[in-house]
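Subject: Handing over a structure, with notes on what was found

Dear colleague,

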Amino acid sequence: MQSRKSPLPRYYQLKEIMREKVTSGDWKPGDLIPSERELGEQYGISRMTARQALTELVNEGLFYREQGKGTFVSRNKITQQLIRLTGFTEDISARGQAPATRVLSMHMIPATEDLAERLRLHVGQPIFRLQRLRLADNEPLAIERSHLSFIGCERLLDEDLETQSLYRILESRYGIQLIQAEQELEAGLTNEEDAKLLNLPMGSPALYTRRTTYTNRDLPIEYARSVYCGHKYTFYTHMLRNQLVP
Ligand code: 16G
C-alpha cells in the first residue's frame, strides 16, 4: 500500500489504486478482481479493509459481483434510449450483440385488479402472462414479466417466444401496431429469485421498470414489469425545454 502515513484511509487508497488499474486498462471489462484475501496480502491490509474498498466500487458500478464467482470489472453499460419505442431484440441487435431469451413461464391468468386497471379490462378477464429472462451474448441482463390482452391473445401460447421477438410477432403476425408507451423507472435491490436468475448476489442494485404499450387505437396492449441488472444498464432520454414566449 502507498503509505501508512497518508492521511487518507487505507480502504480509500486501495479504491484509488484499483480505479487507476481500470482507467489505465490494466484491468479490463470482464476481468476477475483479486479476492479480498489476495488484496489483503498484496497490500498488507486486512480483509475487512479490502472488502470495504471492493464494496464501494461495486456500489459505484465500476465492479460487479457474481454469485460464487467473485468480483469483476463492469463492462460498458447498455444504454436503453427512452425516445423511440423499441423492444429488447432491436436494442441489443443495434449494439451488435446477440439477443437471446429463456422463457421462464407463460400461461393465461385472470386479470387482477391492478392488471385490469393497467390494461383497461374487467377483473377476471383472461390475460396472457409471459416471464422471460433476456440475455445479450449469453449474459443475463433483465427479467421481463409481460401481460398482454387482445382478442385471441391465447394464441401466443403456441408461438416460439424463445427465438422470436414479441414485438415482431405482434406486428407481423397479429397486425397489431405498436404506437406509444409510457415507462416508469425505479431503483431497488434484487430479491432472491431475481438475483438467482440474473446471476447476482441477492440484494444487488437493480432498475425496476413498468411499461405500458399502446396500439394505434390508443388501447393498452402490453403491461410489462421488468428488472434490469443495475450495473449493466443506463437509461437515456433527451429533453427539449419549452421556448418561453417573451
Ligand atoms: C422491451 C420492453 C418489454 C417488451 C420487450 C419486447 C420493458 C421496459 N420493455 O424490453 O415490455 O416486451 O421489449 O422485446 O419492459 P422483444 O420484441 O425482443 O420480445
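The second largest pocket is lined by 17 residues, and those nearest its centre are Val 58, Asn 59, Ser 204, Pro 205 and His 231. Here a pocket is, on a 1 Å grid over the protein atoms alone, an open set of points with protein on both sides within 12 Å along at least five of seven lines, whereas a cavity is a set of points where a 1.4 Å probe fits but cannot get out; lining residues have an atom within 4 Å of a point. Two or more lining residues of this second largest pocket come from each of α3 (47–59), β1 (63–66) and β8 (205–215), and β1 provides the largest share, three residues. Helices (H or I, at least four residues) and strands (E, at least two) are DSSP runs, numbered from the N terminus. The volume of the second largest pocket is about 240 Å³, a volume being the space filled by probe spheres set on grid points that are joined across faces, edges and corners. By class, its lining divides into eight nonpolar, six polar and three charged residues, where Ala, Val, Leu, Ile, Met, Phe, Trp, Tyr, Cys and Pro count as nonpolar, Asp, Glu, Lys and Arg as charged, and the others, Gly among them, as polar.

Before going further, please note that this is a predicted model, in which local features need pLDDT of at least 70 and side-chain atom pairs count only at pLDDT 80 or more, while totals for chains, interfaces and linings use all residues. Residues are numbered from 1 along each chain as its sequence is written, and side-chain values use heavy atoms, with hydrogens and water left out.

The largest pocket holds about 280 Å³ of space. Its lining is made of 15 residues, with Ser 149, Phe 150, Arg 217, Leu 219 and Ile 221 lying nearest the centre, and it comprises eight nonpolar, five polar and two charged residues.

The search of the whole structure also finds one cavity of 30 Å³ or more, and the volume of this largest cavity is about 230 Å³. It is lined by 20 residues, of which Gly 87, Phe 88, Glu 144, Tyr 167 and Arg 211 are nearest its centre. The elements that each give two or more residues to this lining are α4 (88–94), β5 (126–136), β6 (139–148), α6 (166–173), β8 and β9 (220–229), and β9 gives the most, with four residues. Five nonpolar, nine polar and six charged residues make up the lining of the largest cavity.

As for the fold, the protein has seven helices and 10 strands, and its C-alpha atoms fill a box of roughly 70 × 55 × 35 Å along the principal axes. Six of the strands form an open sheet with antiparallel pairing, in the order β4-β5-β6-β9-β8-β7, where two strands pair if DSSP finds at least two bridges between them. The edge strands, each pairing on one side only, are β4 (99–110) and β7 (178–189).

Within this sheet, β5 and β6 pair over nine antiparallel bridges and form a hairpin with two residues between them, where Asp 137 in the turn has a positive phi of about 45 degrees. Arg 129 has His 147 in β6 as its bridge partner, and His 147 in turn has Tyr 223 in β9 as a bridge partner, β6 and β9 being joined by seven antiparallel bridges. Nine of the 10 residues of β6 are buried, so this strand is largely enclosed by the rest of the structure; buried means under 20% relative accessible area, exposed over 50%, and partly exposed in between (1.4 Å probe, protein chains only). Further along, β7 and β8 run antiparallel and are joined by 11 bridges, with Gly 188 opposite Ala 206 in β8.

Two loop residues also deserve a mention. Most residues other than glycine have a negative phi. Arg 120, in the loop between α5 (113–118) and β5, has a positive phi of about 50 degrees and is exposed, with a relative accessible area of 53%. Asn 199, in the loop between α7 (192–198) and β8, has a positive phi of about 65 degrees and is partly exposed at 30%.

With best wishes
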